[in-house]
Amino acid sequence: MQEKIGFIGLGIMGQGMARNLLKAGFPLRVWNRTHSKTEQLVAEGATAASSPADVAAHCDIIITCVSDTPDVEAVLLHENGIIYGAAAGNLVIDCSTISPQATQRFAGILAQKGAHLLDAPVSGGSEGAAKGTLSIMVGGDEAQFSRALPIFQAMGKTITHVGPTGAGQTVKLVNQILVVVTMLGISEALLFAQAGGLDLAKVLTAVSGGAAGSWMLANRGPQVIQRDWRPGFTIDLQQKDLRLVLDTADALGVPALTTSTVFNLYRTLQQQGLGAEGNHALVKALENLAGLEISDGGKVGG
Ligand code: NAP
């Protein structure tokens with residue numbers, strides 16, 4: 001019998017992920033703190049739930065995609081949380097990016113009810129969520145991973161079981177180091193190109209297909225040169241992830257030099273009230289240092 005799926009957290013990522021589950025034919029019950037965000041999905045065939053506990057009471061598998069560690073704790077354990085509707089055998093799949101240590105604690109609490117947890121943070125941005133092409137890095141029990149695979153396949157393309165509970169979150173932090181260090185490099189390179197009087201659209205075309213190419217360059221490079229700061233991923237959420245990286249690096253005793261530099265650069269942008277802009281607005285911190293602005297608007301694709 002097909003398992004009933006619940007989805008909690010219909011933000012930038014959750015909207016696309018939930019829609020792809022509906023498109024794949026899964027019966028879907030949805031809940032979001034701000035109720036209005038459920039309306040479009042209900043119009044497309046989902047059922048609205050009254051609380052996370054209500055989602056859990058009616059579903060076998062409950063997916064969460066909320067902002068931060070305290071937010072997962074809220075939908076899981078607080079009043080009307082998942083734990084109050086969950087039964088033995090239920091599976092919670094947490095697609096949020098949160099603390100690996102807290103993930104292990106949540107798994108222990110669910111286990112007391114006979115329920116399971118997979119940590120399954122995602123990468124690929126709002127575009128990947130909408131297109132169903134996310135990379136999903138999964139920690140937890142192998143049998144639960146196999147159980148959840150059809151769900152992951154509806155939302156993502158590269159699905160990797162990376163180890164026990166918490167390992168998915170740790171791999172996601174590896175991913176975030178690579179994302180921000182790449183974005184710092186793109187920022188520095190485009191500012192350099194600007195100072196050199198180059199046509200930035202041509203620069204992107206020339207370098208994207210070579211060894212310097214990357215997802216960030218292909219997707220965020222054009223946005224930078226058009227000065228389009230709409231978020232795929234906000235600076236505020238990016239900072240949350242970098243805090244998790246720096247905490248974990250501290251616990252592991254490894255240096256994280258460039259990540260801490262980027263963390264401090266983003267902090268200057270947050271101080272300027274830019275925390276809701278996309279993480280590619282990192283270039284603005286370098287512009288402030290250089291006294292130079294990227295101003296190639298409109299030439300993308302030209
Ligand atoms: P978002 O658009 O800000 O959405 C956050 C979602 O979490 C909203 O549905 C929000 O509800 C809900 N939420 C936050 N705090 C809550 C609480 N205390 N109780 C109940 N619901 C709460 O964020 P997003 O970009 O979709 O990111 C979601 C997660 O995916 C984050 O962990 C993020 O790091 C991760 N992620 C994001 C991206 C990306 O490119 N955007 C990529 C990979 C991973 P309301 O609607 O009521 O505010």
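Reply: In helix H13, the buried residues are Leu 282, Val 283, Lys 284, Ala 285, Leu 286 and Glu 287. The model is a predicted one.

Me: What covers the buried residues of H13?

Reply: Their cover includes H8, H10 and helix H12, which spans residues 257-271. After H13 comes Gly 291, with a positive phi near 65 degrees.

Me: Which residues of helix H10 are buried, and what covers them?

Reply: Helix H10 covers residues 215-225, and its buried residues are Met 216, Leu 217, Arg 220, Gly 221, Gln 223, Val 224 and Ile 225. Among the elements that cover them are helix H6 (125-131), helix H8 (167-195), helix H9 (200-208) and helix H13 (282-290).

**Positive phi values**

Me: Why is Arg 227 called partly exposed?

Reply: Its relative accessible area is 25%. Buried requires a value under 20% and exposed a value over 50%, so Arg 227, at 25%, is partly exposed.

Me: What is the phi of Asn 80, and where does this residue lie?

Reply: Asn 80 also is a residue other than glycine with a positive phi, here near 60 degrees. Its place is the loop between H4 and strand S5 (91-94). With a relative accessibility of 42%, Asn 80 falls between the two limits and therefore counts as partly exposed.

Me: How do you know whether Asn 90 is buried or exposed?

Reply: The relative accessible area of Asn 90 is 8%. Buried means under 20%, so Asn 90 is buried. This residue, too, is placed in the loop between H4 and S5.

Me: What does Asn 90 touch, and what does its side chain reach?

Reply: Apart from neighbours within four places in sequence, Asn 90 is in contact with Ala 56, Cys 59, Asp 60, Ile 62, Gly 85, Ala 115, His 116 and Arg 147. The side chain of Asn 90 reaches the backbone nitrogen of Ala 87 at 2.9 Å. A polar contact requires the pair to be within 3.5 Å, so this one at 2.9 Å qualifies.

Me: Why is Val 138 called buried?

Reply: Its relative accessibility is 0%, and the limit for buried is under 20%, so Val 138 counts as buried. Val 138 belongs to strand S8, residues 134-139. Beyond its neighbours within four places in sequence, its contacts include Leu 118, Asp 119, Ala 120, Phe 145 and Phe 152. Thr 160, His 161, Val 162, Gly 163 and Gly 168 are also in contact with Val 138.

Me: Why is Leu 149 described as partly exposed?

Reply: Leu 149 has a relative accessibility of 27%, which lies between 20% and 50%, so it counts as partly exposed. Leu 149 lies in helix H7, residues 142-155. Between Leu 149 and Ile 159, ten residues apart in sequence, the C-alpha distance is 8.2 Å.

Me: What makes Thr 69 a buried residue?

Reply: The relative accessible area of Thr 69 is 14%, and a value under 20% means buried, so Thr 69 is buried. Thr 69 is part of helix H4. Not counting residues up to four places away in sequence, Thr 69 touches Ile 98, Ser 99, Ala 102, Phe 106 and Leu 244.

Me: Which pocket does the ligand take, and which elements contribute to the shell around it?

Reply: The space taken by the ligand is the largest pocket. Two or more residues of the shell come from each of helix H1 (12-23), helix H4 (69-77), H6 and helix H11 (235-252).

Me: Which residues come nearest to the ligand?

Reply: Of the 24 residues around the ligand, Asn 32, Thr 34, Lys 37, Gly 232 and Lys 240 come nearest.

Definitions and conventions. Residues numbered from 1 in each chain as written. Predicted model: local features only at pLDDT ≥ 70, side-chain atom pairs only at ≥ 80, totals over all residues. Heavy atoms only, no water. Helix = DSSP H or I, 4+ residues; strand = E, 2+ residues; numbered from the N terminus. Buried < 20%, exposed > 50% of the residue type's maximum accessible area, 1.4 Å probe, protein only. Contact = heavy atoms within 4.5 Å. Near = heavy atom within 4 Å. 1 Å grid on protein atoms, 1.4 Å probe; cavity = no way out; pocket = protein on both sides within 12 Å on 5 of 7 lines; lining within 4 Å. Sits in = over half its atoms within 2 Å of the grid points. Polar contact = N/O pair within 3.5 Å; in protein donor to acceptor, adjacent residues only side chain to side chain.
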